[in-house]
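I opened my notebook to look up a few things in one protein model. I began with the ligand and then moved on to single helices and residues.

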Amino acid sequence: MDAPAAFTDAEFYQRSFDPQEYLREFCSLSNAQGQPNTLLTQSLRSLSKMFSLDGLSGHTLIDVGCGPTIYQLLSACERFQEIISLDYTDRNRWELEKWLKNEPGAFDWSPVVKYVCELEGDREKWAEKEEKLRKKVKQVLKCDVTKANPTAPVSLPPADCIVSTLCLEAALATFRSALRNISTLVKPGGHLVMVTVLQETFYAFNKQVFSCLYLERSMVEEAVEGAGFDVKLSEVQPYLPGDARTDCRAVLNLMARRRASTTA
Ligand code: SAH
């Protein structure tokens with residue numbers, strides 16, 4: 001496999017991250033052999049749970065490192081009026097926009113949307129949810145979480161909540177500073193929702209290896225606290241070995257609230 005020489009940086013993503021292959025590999029409910037994609041269904045379940053917590057609602061939600069995916073927004077879109085999606089690579093943003101504009105060749109999210117609607121109590125509402133989400137995503141912008149203002153030259157007003165799934169650990173050696181940078185995207189008192197893989201050193205698809213920062217739960221919690229948030233919920237779900245695509249051993253679902261003072 002074509003492994004990156006050093007830690008996977010944003011430019012490697014720009015060159016080598018193929019959105020359609022990623023979607024095929026990680027965003028179908030089952031793989032070519034018919035085995036269920038538990039990484040995805042576990043995340044959908046925990047996102048559904050987190051986005052039904054009291055207080056986790058508001059006007060604006062920012063999705064940081066959205067990739068070409070929308071699964072992370074399916075429960076969230078019921079609690080926020082407007083969504084802004086951010087990612088570094090052009091191809092990921094185009095792929096996402098293709099689905100948002102309902103263009104031919106866009107990824108078929110309907111099985112995943114149906115799954116989430118079923119979790120929420122009515123599988124039949126899937127088309128309605130797709131339409132709602134398409135309307136709510138107002139902007140898809142470039143961002144670089146290694147920059148103090150991740151969306152520079154654009155400055156976004158601070159949002160009520162940021163969500164980030166499988167991004168920071170995939171992207172960076174500088175997990176802590178990335179968290180501090182993205183904390184500026186959310187209001188004091190606003191929320192952070194994260195899905196992070198633990199004890200993972202790589203994930204792979206399409207013959208490309210993306211190295212990850214090896215994280216333990218305490219490291220993530222400390223980094224989140226250090227970036228000025230109070231952790232409100234932190235749950236580890238074990239991930240069974242035997243998945244050739246990744247050596248991840250657990251998934252951490254975390255919800256935190258940004259402290260009022262920014263002395264962190
Ligand atoms: N959130 C999606 C995608 C995760 S893949 C999901 O849950 O499936 C990791 C994403 O991080 C990729 O889309 C990649 O483009 C993005 N990324 C990598 N480095 C980044 C950086 N420096 N700034 C912003 N996004 C970055």
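My entries follow in the order I made them.

**Ground rules.** I noted that this is a predicted model, where local features need pLDDT of at least 70, side-chain atom pairs count only at pLDDT 80 or more, and totals for chains, interfaces and linings use all residues. Residues are numbered from 1 along each chain as its sequence is written, and side-chain values use heavy atoms, with hydrogens and water left out.

**Entry 1: the ligand.** Which residues come nearest to the ligand? I found Tyr 22, Gly 65, Tyr 71, Asp 87 and Thr 165, out of 22 residues around the ligand. A residue counts as near if one of its heavy atoms lies within 4 Å of the molecule. I then sorted the shell by class: 13 residues are nonpolar, seven are polar and two are charged. Here Ala, Val, Leu, Ile, Met, Phe, Trp, Tyr, Cys and Pro count as nonpolar, Asp, Glu, Lys and Arg as charged, and the others, Gly among them, as polar.

A polar backbone atom of Gly 65 is 2.8 Å from a ligand nitrogen. For Val 145, a backbone N or O atom lies 2.9 Å from a nitrogen of the ligand. Thr 165 uses its side chain: an N or O atom there is 2.6 Å from a ligand oxygen. How much of the ligand does the protein bury? The ligand taken alone exposes 570 Å², and the protein buries 100% of that. Such areas come from the Shrake-Rupley method with a 1.4 Å probe; for residues, only the protein chains shown count as cover.

**Entry 2: helix H2.** Helices (H or I, at least four residues) and strands (E, at least two) are DSSP runs, numbered from the N terminus. In H2, residues 19-26, I listed Pro 19, Tyr 22, Leu 23 and Phe 26 as buried. Buried means under 20% relative accessible area, exposed over 50%, and partly exposed in between (1.4 Å probe, protein chains only). Seen down the H2 axis, these buried residues fall within an arc of 100 degrees, so they line one face of the helix. The arc is that of the directions from the helix axis to the C-beta atoms. I also recalled that an α-helix has 3.6 residues a turn, so residues three or four places apart point the same way. The buried residues of H2 pack against helix H3, helix H4 and strand S6, where contact means heavy atoms within 4.5 Å. At the start of H2, a side-chain oxygen of Asp 18 reaches to within 3.0 Å of the backbone nitrogen of Gln 20.

**Entry 3: Glu 21.** Leaving aside neighbours within four places in sequence, Glu 21 is in contact with Phe 205 and Asn 206. Glu 21 and Asn 206 are 185 residues apart in sequence, but 6.2 Å apart C-alpha to C-alpha.

**Entry 4: Thr 41.** Thr 41 sits in helix H3. Thr 41 is buried, with a relative accessible area of 14%.

Conventions:
Polar contact = N/O pair within 3.5 Å; in protein donor to acceptor, adjacent residues only side chain to side chain.
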